Every structure is written in C-alpha cells, then in structure tokens.
Amino acid sequence: IGLSNVEDLSWKQRVNLAACINCGRCDSVCPAYASGRELSPRAIVQKLKSTYDKFNIQTEGFFSSGLITENEVWSCTNCGACVEECPAMINHVDYIIDLRRYLVAENRLEQQKTAVFSNLDQNYNAFGLPSYKRNDWLEELGVPLLEQHRNAEYLYYIGDAGAYDPRAQQVVKSFVKILQAAEVDFAIMSHQERNEGEIAKRMGEEGRFQLIAMENIATFEFYDVKKIITHDPHSFNMLKNEYPEFGGHYEVIHHTVLIHQLLEQNRLPVTTKKLEKVVFHDPCNLSRWNSIVDEPRQALSHVLDTPLLEIEQSKDRSFCCGAGGGNYWYKVPEQEKISTLRLRQLTSVNPQTIAVACPYCLMMMEDAVRTSELTVKVRDLAELVYDAMEYR
Ligand code: SF4
Ligand code: SF4
C-alpha cells in the first residue's frame, strides 16, 4: 500500500516525474517551504526522479535509505499551490499522499495522528467528542431535522468543526438565520451526521476514508438526499468530488455560493452596508481545488460600502492558513507558523476585518491574531452578511 520504493511508482508517475525541469516554481509558492518546514516540493520530485534516473535504479526504500523523511511528508498542507504553479503539470500532492499511505500502512504514526484515527472510529468525529450530542445544540434552536422533514430541498451538512467548535458554531448560527430569513427549505441530520472522511483521506488512511464515505452515502440514500449545502470547504470538496466514485452523486453547494444566489435574488433583507475595510482569505479547497473565487467576493460586495481589498496571494494563488492536509490535528517542526505568514500577507493592506469562508481558516487566523499585536477581526462571510441584515 502506498509509495515506499521505486517499484511502487507507476509508469505514469515516472513519466510525470521525468517532466520536472527543476525550475523551483513549486517551492516559491509552498507555505510549508516558506515556514521553514522540512519540505521542498521540488526536492521531493527531484529525489523520486533520481531513484530511476540514468539507469541507476535504487532498490532501497525511500524512507529506509533516508532519501525522504517522514517530516517532509507530514509537512504538506495539501494546499495545491505547487500543482497550480508547475509548468510540467506535476501533481505533487498525489505523490505525498501515496507516501503517507505507506507510513499509515506501516503504522509509523505518533500519538497525535493515531488519536485522530481512533476518534473517527469511536466517535465519528475528529474531535473525539460524543457523537450522540453532535447537533443537539442546533436541535434546541429549533432547526428542522431530516428525520422529521424528509422532503427538505437541502440537507445542511454541518461538519465536525461546525458541530463541536464554539467559534465555528457561531458561523452555523448566522448561516441558519440567513437560510431562515430567505425561507430556504432545509434540514440537518442530528447524531446521524458523521465526519465526511476528509482528514482520513488527506492523512493517507484511504481504507478508512472509503468506509466512512460508503456509510455516509448509505445514510444519504436512506433520506433520499439530492442537494447538500455546507459551510466547510473540506466537506464540500469531499462530498462533491470524492463521493461520486462510491455512488454518491449530489448537488453540493458551498454556503458562499448559496448566499450569493440569495443576495442576487433579493431574498435577504440587507439594507445597511458596512463602511469597513475587508480583505477576503480564499480557502484552498474552494479557490484552488474548486475554482470558486467570484461568488464570495460578489456576496461581500452586497454588504460592504467600500471595495473589497485584494492582495497578490489571492484567488487561485491563495496561500494556505496552515490547517489543510490534516495539519490542524498534528504538529511538525517549523520556524514560523504558516498562519502567521498568512496573517502578514492579509494585513499588508491594513484591513479592519479578514473575511473567511472555512471554519478551519477561521480558527487558524484567529489564533494567529491572538499571538500577534494586531487588532484585526476575523469573521466568516455568513457572519458579515447576517450582521448587515441585523442592522436593518
Ligand atoms: S514547478 Fe514543476 S517543473 Fe518546476 S521544479 Fe517544481 S515540480 Fe519541477
Ligand atoms: S500542496 Fe502546498 S504545502 Fe504541499 S507541497 Fe504543494 S505547495 Fe507545499
């Protein structure tokens, strides 16, 4: 399982590696490289390429020979910046996940990573909190349950962060109020909602991901789910792009896209535009992996009285918050936090508020602000839109 030896490289993987011109464009955009972590996507590609170059096939394993280290492999946030930048169209993330798969299969994992996997097994969420209490707090707010409202047009998939993290719960509340104000026909799942498997997949636990996906698909089928909305770009990416392989075909909509539609259709009572300097942080799973960059900006333009601030590292050239690829759940040696680097980029245009569209970006950026001397606010797009409705 996975990639540990030159013989594990498929012919296609070898051809792709051969295309590398060693230009270093991938390094120049890599957040892990910029933070001083032990990862250079260029070096990974060049080292893998060297194992079969010049008729000099190395038979020793990548890890056992010291060619590639475990820290290198775990340093990647799966942000896709290298893939976007590479002129040879090399997909570095595929190699890195394959290398992780080998480490997982060999059980070469320390406690932080095994804890995530056992939480997924025992509690169906990465936080390790009780699964039967998952969305209790939302039920108490009177949000309709799919069990009682089986014909709802949309399932609102809350995801782990929205279900358990107090700050992300505030985003869910704002979005629920937006849905209710626009009279959107939606329902949530209570304790039957489970983690969608993104962390397992990104951390190289493919078997566990497939099991999770198939179990979730069975539940969605039971309720005849056709349309899913979610505020979590990680869940969005999995449900939209990975579930179809297992028979799960849904119309999956990110909350920024739905909010944009509702604003365009005049279904939200926004009357007070804010005179606030706002910069938008594009989440990798939305901008780079799914090309969604315009809708969040257009939605924000409905509630702001000043043009949105833009920085160079935005849209498909965005820079990761540091949480992707399972990195939210474990630590790797680094000189500076990726979130600190990102905060510096975002605050270079002196915003009063950083708008985000992902609960993990929210948590990472708020953490970066806390450890800085800055006073910039971090708010989810749904919160900014709901604020504009409240001041009506
Ligand atoms: S950007 Fe692509 S071609 Fe350039 S060094 Fe990186 S992998 Fe090689
Ligand atoms: S996916 Fe992102 S973190 Fe991983 S190697 Fe590429 S640029 Fe670096």
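The model is predicted, so local features need pLDDT of at least 70 and side-chain atom pairs count only at pLDDT 80 or more, while totals for chains, interfaces and linings use all residues. Residues are numbered from 1 along each chain as its sequence is written, chains are lettered from A and ligands numbered from 1 in the order in which they are written, and side-chain values use heavy atoms, with hydrogens and water left out. Helices (H or I, at least four residues) and strands (E, at least two) are DSSP runs, numbered from the N terminus.

- An open sheet is formed by three strands in the order 5-6-7, and their pairing is parallel, where two strands pair if DSSP finds at least two bridges between them.
- Strand 5 (278-280) and strand 7 (377-380) are the edge strands, since each pairs on one side only.
- From one strand to the next, the twist averages 30°; axes are lines fitted to C-alpha atoms, for helices over the stretch in contact, and angles run from 0 to 180 degrees between N-to-C directions.
- Strand 5 pairs with strand 6 (residues 353-356) over three bridges in the parallel sense, with Val 278 having Thr 353 as its bridge partner in strand 6 and Val 279 having Ile 354.
- Strand 6 also pairs with strand 7 in the parallel sense, over four bridges, and the bridge partner of Thr 353 in strand 7 is Lys 377.
- In a regular strand, side chains alternate between the two faces of the sheet.
- Strand 6 is covered on both faces, with Thr 353 and Ala 355 on one side and Ile 354 and Val 356 on the other, all of them buried (buried means under 20% relative accessible area, exposed over 50%, partly exposed in between, with a 1.4 Å probe and protein chains only).

**Helices 18 and 19**

- Helix 19 (residues 359-370) lies across strand 6 and strand 7, and runs at about 170° to strand 7.
- The axes of helix 18 (residues 338-346) and helix 19 come within 9 Å and cross at roughly 85°, and the two helices are therefore roughly perpendicular to each other (angles of 65 to 115 degrees count as roughly perpendicular, under 35 as roughly parallel, over 145 as roughly antiparallel and the rest as oblique).
- In this contact (heavy atoms within 4.5 Å), helix 18 contributes Ser 339, Thr 340, Arg 342, Leu 343 and Leu 346, and helix 19 contributes Met 364, Met 365, Ala 368 and Val 369.
- Helix 18 is largely enclosed by the rest of the structure, because seven of its nine residues are buried; among them are Ile 338, Leu 341 and Gln 345.
- The cover over the buried residues of helix 18 includes helix 3 (31-34), strand 5, strand 6 and helix 19.

**Around the ligands**

- Around ligand 2, the residues include Cys 30, Cys 76, Cys 79 and Cys 82.

**Thr 219**

- Thr 219 has its place in helix 13 (residues 206-222), and at 18% relative accessibility Thr 219 counts as buried.
- Leaving aside neighbours within four places in sequence, Thr 219 is in contact with Met 189 and Gln 192.
- Thr 219 and Val 278 are 59 residues apart in sequence and 40 Å apart in space, C-alpha to C-alpha.

Key
Near = heavy atom within 4 Å.
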